[in-house]
Amino acid sequence: MASTEEILAGLAEIVNAETGLDVADVQMDKSFTEDLDIDSISMMTIVVEAEDKFEVKIPDEEVKNLKTVGDAVNFIAAAQA
Amino acid sequence: MMARKVVITGLGATTPIGGDVPTLWENALKGVSGAATLTDSWVEEYHLPVTFAARASVPATDVLSRVEAKRMDPSTQFAVVAAREAWKDSGIEEVDRNKLAVAFATGIGGVWTLLDAWDTLREKGPRRVLPMTVPMLMPNGPAAAVSLDLGAAAGAHTPVSACASGTEAMHVGMELIRAGKADVVVVGGAEAAIHPMPIAAFSSMQALSRSNDNPQGASRPYDIDRNGFVMGEGAGALVLEAEEHALARGARIYAELAGTSVTADAYHITAPDPQGLGATRALKAAMFDGLIQPEDVVHVNAHATSTPVGDKPEYTALKAALGDHLDNVWVSATKSQMGHLLGASGAVESVLTTLAIYHRLAPVTINLDNQDPEIPLKVVTGEPAKLPAEGSIVALNNSFGFGGHNAVVAIRSV
């Protein structure tokens, strides 16, 4: 099980690989669409990569609820628990 | 009313003998081979009968950013690299985006993406198939990416006619400008099919050279020992512009795109008409379109793929279109150097034909050791051929494709 900080760092790496955004810009309070300008296609790629990296399932219907980076980190932490 | 005159003001290319136009031109004059033994593990894994190809000399991933490249099939990566070079070369700073169009061809499209996605589906299941799969594999991907990159809003077209595609894109661009639908069109062709499946498929139809022990000598158009083509990859791009638009901005004009034409053999799905009738009609139509007499023609960049059955009908067609004047015409078979770029070949060869007119110098054909006596063309070998230094000169570029597609462009000095 990874800590919140570890999940955030891992997610930031995935976002960086997909979009080129600096890992430092991927903060808990950032909105994927509003702040990070991530479109739905990139979001699905990030979700699938995150499933592999953190060994969790993120159902498609759940993805729309992951509005901020923090939402995703918390969901992954809960799913790992 | 006279048709609008169309001129060529920008050139771009990424090929097996040069990752940009200056390098391509330097090597085309020198005479080098871009073919080499493939080092990919899949060559042995699938026991491919052909173990070499002509890869792009500069990988597109070295030029594009990682994130850009990730969202593009290799064919689209090549297209964007070549189109950016052509656009920069044109010097256009401002343009009405509603009068800027794209005609970017491919023969096969996103074959790497398609087959990678199929592998992923079988090995990992549907959820692991990338969401970008469809836009990456679609054959209009290169045209769409170039349109997006340049903000070209007057339309993005994708002529698909196998190995005639790149030259057909020139024809489409010409028509768009003549019809007043665009003032500037970025035309080109892209291909990235050096993948085990297309190699196996082209091999099984006996189209590829199997000179595995001599990759650099394998592509030998017009040679008596030619035994098939060599697969190449890359892209070529040209900026076509209405003459008045180019003159108004004081553009450097390489040449005039004087005439274009497209015909179909309606003879056989893969074999060329042995009489070359469709090709002859295409040659004559392009010359008619550009008000060109046989005596005006000084150079031909031939389709000349190095297959036993393909090279001769092209000679027959040239003879029918140009008559005895053909004896005076310098012919270059540049696939001897860079292999066959399939849907990109016509675009890259149009770049070379434009430069041949601009510099009045025809590039060399390599590997022509024993010219087939049935193809008595005046082929440029050894040294580049000097074209007439004075007066108006014309060069033709031929491309033919499976399906019986024939496309010809005529390029004139300005």
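Predicted model: local features only at pLDDT ≥ 70, side-chain atom pairs only at ≥ 80, totals over all residues.

Student: Where do A:Asp60 and B:Arg127 lie?

Tutor: A:Asp60 belongs to helix H3 (residues 60–63) of chain A, while B:Arg127 sits in the loop between helix H6 (111–124) and H7 of chain B, so the pair joins two chains.

Student: How many salt bridges are there over all chains?

Tutor: The search of the whole structure finds 28.

Student: And how many across the interface of chain A and chain B?

Tutor: Seven salt bridges are found across that interface.

Student: What about polar contacts between the two chains?

Tutor: There are 10 residue pairs in polar contact between chain A and chain B, counting pairs with both residues at pLDDT 80 or more.

Student: Which helices of chain A supply the side that touches chain B?

Tutor: Helix H1 (4–19) and H2 of chain A each supply at least two residues of that side. H2(A) gives the most, with eight residues.

Student: How does that side divide by class?

Tutor: The residues of chain A that touch chain B divide into six nonpolar, five polar and five charged.

Student: How many residues are in contact on each side?

Tutor: In chain A, 16 residues are in contact with nine residues of chain B.

Student: What area is buried between chain A and chain B?

Tutor: The buried area is about 1100 Å², and carbon and sulfur atoms give 43% of it. Within chain A, the residues that lose the most area to chain B are A:Glu18, A:Ile41 and A:Val48. Together these three account for 39% of what the chain A side buries.

Student: Why quote an area at all?

Tutor: The size of an interface is often given as the accessible area lost when the parts come together.

Student: Let us change topic to pockets. What is the volume of the largest pocket?

Tutor: The largest pocket holds about 550 Å³ of space. Its lining consists of 29 residues, and those nearest its centre are B:Thr270, B:Pro272, B:Thr307, B:Gly310 and B:Phe402.

Student: Which elements contribute to that lining?

Tutor: Helix H13 (311–322), strand S14 (394–401) and strand S15 (405–412) of chain B each give two or more residues to the lining of the largest pocket. H13(B) gives the most, with three residues.

Student: And by class?

Tutor: The lining of the largest pocket has 13 nonpolar, 12 polar and four charged residues.

Student: What can you say about the second largest pocket?

Tutor: The second largest pocket has a volume of about 440 Å³. It is lined by 23 residues, and B:Glu68, B:Arg71, B:Met72, B:Met132 and B:Leu148 are the closest to its centre.

Student: Which elements give two or more residues there?

Tutor: H1 of chain A does, together with helix H4 (66–70), helix H5 (74–90), helix H7 (133–137) and helix H8 (141–150) of chain B. H8(B) provides the largest share of the lining, five residues.

Student: What classes line the second largest pocket?

Tutor: Its lining comprises 11 nonpolar, four polar and eight charged residues.

Student: Finally, how many cavities are there of 30 Å³ or more?

Tutor: The structure holds two. The largest cavity has a volume of about 40 Å³. Its lining is formed by A:Leu11, A:Phe32, A:Met43, A:Ile46, A:Val47, A:Ala50, A:Ile58, A:Leu66, A:Ala72 and A:Ile76. Helix H2 (40–54) and helix H4 (69–80) of chain A are the elements that give two or more residues to this lining. H2(A) gives the most, with four residues.

Student: Is the lining of the largest cavity polar or nonpolar?

Tutor: It has 10 nonpolar residues, with no polar and no charged ones.

Student: And what lines the second largest cavity?

Tutor: Residues of chain B line that cavity, among them B:Ser33, B:Gln216, B:Val230 and B:Met338. By class, its lining has five nonpolar, seven polar and no charged residues. The space in this second cavity is about 30 Å³.

Note on methods
Residues numbered from 1 in each chain as written. Chains lettered and ligands numbered in written order. Heavy atoms only, no water. 1 Å grid on protein atoms, 1.4 Å probe; cavity = no way out; pocket = protein on both sides within 12 Å on 5 of 7 lines; lining within 4 Å. Points joined across faces, edges and corners; volume = space filled by probe spheres on them. Nonpolar A, V, L, I, M, F, W, Y, C, P; charged D, E, K, R; others polar. Contact = heavy atoms within 4.5 Å. Buried area = accessible area lost by both parts, 1.4 Å probe. Salt bridge = Lys/Arg side-chain N within 4 Å of Asp/Glu carboxyl O. Polar contact = N/O pair within 3.5 Å; in protein donor to acceptor, adjacent residues only side chain to side chain.
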